[in-house]
Amino acid sequence: MNSLAVENLSGGYGKLGVFRDTFLTVAPGETVGIFGPNGAGKTTLLSTIMGLLPAMSGRVMLGGADVTHMPAYRRARSGIALVPEGRQILSTLTVGDNLELARVSTGAKSNDKAFNGRLDEVYSLFPRLLERSKQLGGSLSGGEQQMLAIARALLIKPSILILDEPTQGLAPVVVQGLRETLAKLKGRFGIILVEQNRDFLDSLVDRTITMRAGICSPT
Ligand SMILES: Nc1ncnc2c1ncn2[C@@H]1O[C@H](COP(=O)(O)OP(=O)(O)O)[C@@H](O)[C@H]1O
Ligand SMILES: [Mg+2]
């Protein structure tokens, strides 16, 4: 299990700076919350950690290795998994094929025992996905789509699981189910949980960082 260290990181879009001088560490098994209003720069920070956006300055370290200039697909193979805001599952592919895409991204073959073991594990964690494996992603409810997005992230065998506002748009009973799922996963790898639902966040994290106008501070 690897730790993540974000060191003096700044980022944004082109020349537009969105967040700056950010320090954040996630130890193996630790769950760190990030709380902050809309527009604070949370998604931009997560995208930069994942490598979907280039850093303007500073470093992203994974298990002591500098991954700041590594493309996103290689960071994923190194163990950084993002469950993006709005889930972003593929609505015109089946549930099963959405999960098979994770196989492609890890480079595992169809007979790869480790990957197939993880697939069995995510189907037992989310039996609903097994029941619906032949249905199109777009036919799932919001809660089921969130399960699929998390399942996809688990299949890459994360060291660090990053979740960007996973409760957004979910009914309270579904949020409760998601809380139970994340409580089960907590401790198995590092987690960064971005949330505006404070009760949800507080019930799961070891500590929380607040982000406002691009600046992170301990809470
Ligand atoms: N693709 C983009 N291009 C330019 N600016 C963007 C883009 N996406 C977000 N922003 C701006 O970056 C700032 C932070 O946005 P974001 O990281 O999405 O915040 P949060 O996730 O905390 O709501 C906002 O001012 C937003 O308008
Ligand atoms: Mg966001």
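Everything here comes from a predicted model, in which local features need pLDDT of at least 70 and side-chain atom pairs count only at pLDDT 80 or more, while totals for chains, interfaces and linings use all residues. Residues are numbered from 1 along each chain as its sequence is written, with chains lettered from A and ligands numbered from 1 in the order in which they are written.

The angle between H3 (residues 95–106) and H6 is about 25°, and their axes sit 8 Å apart. Axes are lines fitted to C-alpha atoms, for helices over the stretch in contact, and angles run from 0 to 180 degrees between N-to-C directions. The crossing of H3 and H6 is right-handed, meaning that the near helix is turned clockwise from the far one by less than a right angle. On the H3 side the contact uses Val95, Asn98, Leu99 and Ala102, which meet Leu148, Ala151 and Arg152 of H6; contact here is C-beta atoms, placed from the backbone, within 7 Å. Sorted by class, that makes five nonpolar, one polar and one charged residues. Ala, Val, Leu, Ile, Met, Phe, Trp, Tyr, Cys and Pro count as nonpolar, Asp, Glu, Lys and Arg as charged, and the others, Gly among them, as polar.

H6 (residues 142–154) also lies across S6 and S7, at about 175° to S6. Those two strands belong to an open, mixed sheet of six, ordered S6-S7-S8-S3-S9-S10. Helices (H or I, at least four residues) and strands (E, at least two) are DSSP runs, numbered from the N terminus, and two strands pair if DSSP finds at least two bridges between them. S6 (80–83) and S10 (215–218) are the edge strands, each pairing on one side only. From one strand to the next the twist averages 20°. Within this sheet, S3 (residues 31–35) and S8 (residues 190–195) run parallel and are joined by five bridges, with Ile34 partnered by Val194 in S8.

The other sheet is open too, but its four strands, in the order S2-S1-S4-S5, pair in the antiparallel sense. Here S2 and S5 form the edges. H1 packs on this sheet, touching S1, S2 and S4, and its direction makes about 115° with that of S1. S1 (residues 4–13) is held to S4 (residues 55–62) by six antiparallel bridges, and Glu7 stands opposite Arg59. S4 then forms a hairpin with S5, with two residues between the strands; Gly63 in the turn has a positive phi of about 55°. Two bridges join S4 to S5 (residues 65–66): Leu62 stands opposite Ala65 and Met61 has Asp66 as its partner.

H1 (residues 42–50) packs on the six-stranded sheet as well, touching S3, S6, S7 (160–164), S8 and S9 (207–212), at about 150° to S7. Around ligand 1 are Tyr13, Leu16, Val18, Gly36, Asn38, Gly39, Ala40, Gly41, Lys42, Thr43 and Thr44, "around" being a C-beta atom, placed from the backbone, within 6 Å. H1 gives the most to this shell, with three residues; S2 (16–26) and H1 are the elements that supply two or more. By class, the shell has four nonpolar, six polar and one charged residues.

Key:
Two residues are in contact if their C-beta atoms, placed from the backbone, lie within 7 Å.
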